[in-house]
Amino acid sequence: MTILIDNKAKVKESLQPKGFLRYFSFSLDHKVIGIQYLVCGFIFYLVGGTLASAIRIELISPLSDFLPRDVYNQVLTLHGTIMIFLWIVPVVNGAFGNYLIPFYVGARDMAFPRLNAVAFWLIPPSGLMLISSYFIEGAAQSGWTAYPPLSITTPQSGQIIWILSVLLLGGSSIFGGINFIVTILKLRRPGLKLMNLPMYCWAMLGTSILVVLSTPVLAGTLILLSFDIVAHTGFFNPALGGNVVVYQHLFWFYSHPAVYIMVLPAFGLVSEILPIHCRKPLFGYTTMVFSIMGIVVLGLVVWAHHMFTSGTPPWMRLFFTIATAFIAVPTGIKFFNWVATMWGGKISLNSAMLFSCGFIINFVFGGITGVALAQVPFDIHVHDTYFVVAHFHYIVYGGSVFVIFSSIYHWYPKVVGKLLNENLGYLHFALTFIGFNLCFAPQHWLGLNGMPRRVAEYDPQFQLVNQISSLGALFMAISTIPFLVNIFISIKKGAIAGNNPWNGLTPEWLTTSPPPVENWEGEAPLVREPYGYGKDYLS
Amino acid sequence: MTILNSSDEIKKRSDDQIDHHEDYRIFGLIIFLIADGMTFAGFFAAYLTYKAVNPLPQGSVYELELAIPTLNTILLLISSATFHKAGKALFNQKNDISQKWLLITASLGITFLICQLFEYFNLPFGLTDNLFASTFYALTGFHGLHVTLGTLMILIISWQTRINGGRITYKNMFPLEAVELYWHFVDGIWVILFIILYLY
């Protein structure tokens, strides 16, 4: 049966606003939705970054003098929730996924354009709701994990608004995941085989499988938690016969895969960026595909390594330690594939490439501390210390956020049609890389020496190292300025990019910059070798 | 630009340049139902864990009668069959028969919900009495919510299969097929729920 889903959507679209206004409309164009995700996510990144600055200012001195203790708890909860659910997850999945996937599969739009727009428009209201909870009796105070009984005993209204907002964001994420799976599996142009797809498609397929399987479990858990808060049931309340460990199991069943939801798309994006700027084919395409799928499978069965101090029995510790250590294998394969891709290549060290190299360095470091954390004796020693904070930020900031910046430098010419200023890009990279490592590397030392996380006050012996860390945070905050200046100046004054400034072979470079509404003037090109650099006609 | 123009445009564009692609909505719905099933899987896992590691305090009341839930299981299984009949009738272009089967299905769903409410009002425990009572109400309530939504959707599509002016015909069976798939899913979940909650 053939039907005409697309054509109604497109006629609707011809009635929709043109130009700048279309970014504020219920647009069905996947490219507009991708930009909406990116800009919306970046605004929340600035909010979350401001909160992070507040945390680092508070930690300059050992006493809680800048923020009261309960406000500090609210600030760190909002910082975590905003950065994860409103910045990294929507941007690495929604923004780049919506913009690039239809190009890569040779389609004119996503499979379900309306669902796509709904998925995006769930995000701004839930984000605003989350932030506004600060002004109504204070925001949630129990961290982004919302562990009971803390989340049941702290002030209720903030926690309930937090739950509602995360439920909406989870719904948005599931709708997006369904759309990506159907688009990648079913909307490929004729002749394009799965094993010819650019690597980002595989990363998004794996990510979407994780989203669809694990996000609903979080939703169910949060519904039960809201019953505990509002109706005084006892699911997770030990005082009423409940079990807090069940919450932790269900929560981490989502939230460990959530780490892969944040970092697998970043792997895919790096695999697109490296071959173009190194002029070499992506090394080990098949192993890359299998390692992504391996991470998807393993990522679903390692969640209890977050719970080694929650009274987990020895057999469970053993199983989850081994399973977690196994993840190092596919991840290591990917790392060596990226290094081998760069090896002997004609590397052009532009801003996009610099951020990708920064990603590889930071991610290896975060990966090594991750393997260390999987070992029970070590984990018990550093549990709930700054070592965990440092490890986590090396993965999500040093990993995902570096890739987001790299991707913005890489695809900005395609989206806008102008090149970004490279000198400002170098400045941005230098400030970010130095600031990031200055901020988070010392936190490993803090954690090993026993400074607990999530507290506004600490032992005076840690003051100097905390001040170094805060100095790094200052660099990171300043690094946003050259980036924003660069983005806004280049829209008007940037050099004309042309259709294919990097001489790329992946399909999005084979159309005009910016691309037309239906992606190609004629038929979609058939790209069987998206990484065929140095093989035939390009240098 | 007027509405008339745009419908002309649909006709013109569908004639030449628009890519026809197959209908992937059922595939998307299947993925959604997998996600929905994972929510239930989380609830079942929580219930079974509680049963294994959290003994009830002394004197807690937690007893379930089997009569009503067994009747409810039979009602839902029959309703799956009647829904299938409705689909077959529509495929054979007999809209009136299809509509009758849909109304029978909807009334079976409503009977299920009434029986469920009757059971709720006659149980010796309430929502916050103990852990298993809470889990019982959460599980059956979440399933009942699915049945309620399903029944409403069946009523809507049974109106849409009417002979004069209904949008659902043998040429456009997607709404009926989608609701049918959803309804079978809700039935399947009930069977698992019945086994875990009442029999196990």
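Student: Where does Ala304(A) lie?
Tutor: Ala304(A) sits in the loop between helix 10 and helix 11 (314–342) of chain A; helices here are DSSP runs (H or I, at least four residues), numbered from the N terminus. This is a predicted model, where local features need pLDDT of at least 70, side-chain atom pairs count only at pLDDT 80 or more, and totals for chains, interfaces and linings use all residues. Residues are numbered from 1 along each chain as its sequence is written, and chains are lettered from A and ligands numbered from 1 in the order in which they are written.

Student: Is Ala304(A) buried or exposed?
Tutor: Buried, because 22 other C-beta atoms lie within 10 Å (20 or more count as buried, 12 or fewer as exposed, in between as partly exposed, with C-beta atoms placed from the backbone).

Student: What is Ala304(A) in contact with?
Tutor: Beyond neighbours within four places in sequence, His249(A), Trp252(A), Thr312(A), Met316(A) and Phe320(A); contact means backbone-placed C-beta atoms within 7 Å.

Student: New topic: at what angle do helix 9 and helix 10 of chain A pack?
Tutor: Helix 9 (residues 244–278) and helix 10 (residues 285–299) of chain A pack at about 170°, axes 10 Å apart. Axes are lines fitted to C-alpha atoms over the stretch in contact, and angles run from 0 to 180 degrees between N-to-C directions. So helix 9 of chain A is roughly antiparallel to helix 10 of chain A (over 145 degrees).

Student: Which residues of helix 9 and helix 10 make the contact?
Tutor: His256(A), Pro257(A), Tyr260(A), Leu264(A) and Ser271(A) from helix 9 of chain A, with Met288(A), Ile292(A), Ile295(A) and Gly299(A) from helix 10 of chain A.

Key: Helix = DSSP H or I, 4+ residues; strand = E, 2+ residues; numbered from the N terminus. Parallel < 35°, antiparallel > 145°, perpendicular 65-115°, else oblique. Contact = placed C-beta atoms within 7 Å.
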